[in-house]
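Hi,

Here is the structure I promised to pass on. Have a look at it first, and my notes follow below.

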Amino acid sequence: MNKHALYHKSDSLFSFALDGETVELRLRAARGEVAKVDLIYGQKHAFCQMRNTLAMSLSASDGLFDYFTIRFKPEDKRLAYVFFITDMQGKTYYYSEDGATEKYDFSTAFYNFFQLAYVNRNDVMPKCDWLSGAVVYQIFVDRFRRAQPPCGGQTAEVDKSYINLDWGGKPTPKSFAGGNIWGVVEKLDYLCDLGVNTLYLTPIFSSRSNHKYDISDYYNVDAQFGGNEAFRALTDECKRRGVRVVLDAVFNHCGEELKEFRDVVEKGRASKYHDWFIISGDKPTKRPLNYEVFASCDYMPKWNTANPEVQEYLCKIGEYWIKNYGIDGWRLDVSDEVSHEFWRKFRSRIKALGNDKVLIGENWHDSRSYLRGDQFDSIMNYAFTKAMLDYFAYGALSTQELCDKLNELMMRNMTQVNFMMLNLIDSHDTHRFYTMCGKDENKLLNALAAELFMPGATMVYYGTEIPLEGGYDPDCRRCFDWSEHAFTDKVKELLKYKKLRALHEGDVKFTCENGLLVIERKTSGQTAVLLVNNTDKALSARGINVAANGYKITVE
């Protein structure tokens, strides 16, 4: 047995509480080298004298490792434990903080057992339950729909002078198509019929760009989108339909037209806002650029979130739109470039308004340091996006390799985080998945089905249901085509499965059976199974035939 592959760490992703009573423990071992793992546990102050034993389960495997897990309710919240490992040759080992040993002295175990010293309820990563059943529809507002505001039964004209793109034309970085929030209101019935129960809008606040990520006023919805009046109408109509609304929080940077930044440009160090930004010099200059910005965009100065005044300013914005418009949370833009200290403060302020107010980080990479219960609830699951592209679009993964990758992703985070992840196959920041898989509608449906069966929320980027094509930004932000599309009905039929209890709370298992991708979600009294065929020939498994490049779903 490869001892170097064994891994466990107390109070980590391998040892955590699911609630105030239930704990989950994980042990990693080299793939195929361990036959059995037993957990030896007890109350930590009595562990030397009294212990219990439970069998662990092989719950997941990736390309290198097997993961043995157990969930149980210990009799005492002060938990001590070691692992008893049997390898494939029948040889046994104890695994403690001293590593793998053939013998173990329980009389001195207080020196080297693993422990959860005390399961404090307020240290538990809480679960935002509604996310696991959410069908989230992401809208890039300028490209979704143009509409007129209702006005006393009459149609009021809106300003169209800024529009420079014919609806359906190919967008450029400077294109304005005229989509607005009134258009979203007008199409809420369509979205509900599609199966959507949550809206995620890219930024809506005052800005001179079409994307609104360079905000000049965080307290006013841009007039191009209909202003605060339109947003009030949207939130009221969403509440009436039971649809949640999540907004885009751009707190890494702002726009150069923000009054606080303009004050610094004018007054330099004499401005009381000078330290609100990160400037190397008396005044911000572009040639040479002497202040920190988003990417290389000199019109998006970066906030200094180490400044307590900035922290308070941004926290108040986060609170305002919840208190005054009843939004359900925030997607956090460029969240991995913002200080942990700020996110901890922001979370405490937002969660004080309701534990169901969600915080989803735009982190593209492994983000376990943000997902411990003190910052985000979850992140946008771009690692899943990449796995779907590698399998369906690039052909870079076999079915077994995809299973291995998905299992590895599940082991990156605590279980409750997995049930809050925002799963997606594309967004306003990526190529359209439909384009990437050669405009193959079956592959797009297969990928959506796989996304649907992942624990967490299912995100659909506007236009996926038509399906809309598009390359790299801004081409992925084309206008919605509102003519009828037969493909929409196929997406609607698929999204109906999100109502299954098994897809809300069921444990997940990924396997490769006869070349088919099999994703099983199982909870008490219900099992849902997805079989996906990513080949050009018909295949069968579990007595079910799946057409080439197709999928089947069964529910028991």
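Before the sheet, a word on terms: two strands count as paired if DSSP finds at least two bridges between them. Helices (H or I, at least four residues) and strands (E, at least two) are DSSP runs, numbered from the N terminus. Note that this is a predicted model, where local features need pLDDT of at least 70 and side-chain atom pairs count only at pLDDT 80 or more, while totals for chains, interfaces and linings use all residues. Residues are numbered from 1 along each chain as its sequence is written, and side-chain values use heavy atoms, with hydrogens and water left out.

**The sheet**

An open sheet is built from 4 strands in the order S25-S26-S27-S30, with antiparallel pairing. S25 (507-513) and S30 (551-555) are at the edges with a single partner strand each, so one side of each has no neighbour in the sheet. On average, neighbouring strands here are turned by 15 degrees against each other, direction ignored. S27 (residues 526-532) pairs with S30 over 5 bridges in the antiparallel sense, and Leu 530 stands opposite Ile 553 in S30.

**Two helices**

Next, H7 (382-393) and H11 (residues 441-452) pack at an angle of about 145 degrees, with axes 11 Å apart. Axes here are lines fitted to C-alpha atoms, for helices over the stretch in contact, and angles run from 0 to 180 degrees between N-to-C directions. From H7, Phe 384, Met 388 and Phe 392 meet Lys 443, Asn 446, Ala 447, Ala 450 and Glu 451 of H11, where contact means heavy atoms within 4.5 Å. That contact has 5 nonpolar, 1 polar and 2 charged residues. For the classes, Ala, Val, Leu, Ile, Met, Phe, Trp, Tyr, Cys and Pro count as nonpolar, Asp, Glu, Lys and Arg as charged, and the others, Gly among them, as polar.

**Cavities**

How many cavities of 30 Å³ or more are there? The count comes to 3. A cavity is a set of points, on a 1 Å grid over the protein atoms alone, where a 1.4 Å probe fits but cannot get out, and lining residues have an atom within 4 Å of a point. Grid points are joined across faces, edges and corners, and a volume is the space filled by probe spheres set on the points.

The largest cavity holds about 140 Å³. It has 18 lining residues, and the closest to its centre are Asn 381, Ala 383, Arg 412, Asn 413 and Met 421. S22 (378-381), H7 and H8 (399-410) each give at least two residues to this lining, with the largest share, 3 residues, coming from S22. By class, the lining splits into 10 nonpolar, 6 polar and 2 charged residues.

The second largest cavity has about 60 Å³ of space. Its lining includes Trp 130, Tyr 200, Arg 331 and Leu 422, and divides into 7 nonpolar, 1 polar and 1 charged residues.

**Backbone points to check**

Arg 287 and Pro 288 are joined by a cis peptide bond, omega about 0 degrees, and Pro 288 is in the loop between H4 (259-267) and S18 (293-294). Another cis peptide bond joins Ile 466 and Pro 467, again with omega about 0 degrees; Pro 467 is in the loop between S24 (457-461) and H12 (486-495). Lys 212, in the loop between S15 (205-207) and S16 (215-221), has a positive phi near 70 degrees although this residue is not glycine.

Cheers

Definitions and conventions. On a 1 Å grid over the protein atoms alone, a cavity is a set of points where a 1.4 Å probe fits but cannot get out, and a pocket is an open set with protein on both sides within 12 Å along at least five of seven lines; lining residues have an atom within 4 Å of a point.
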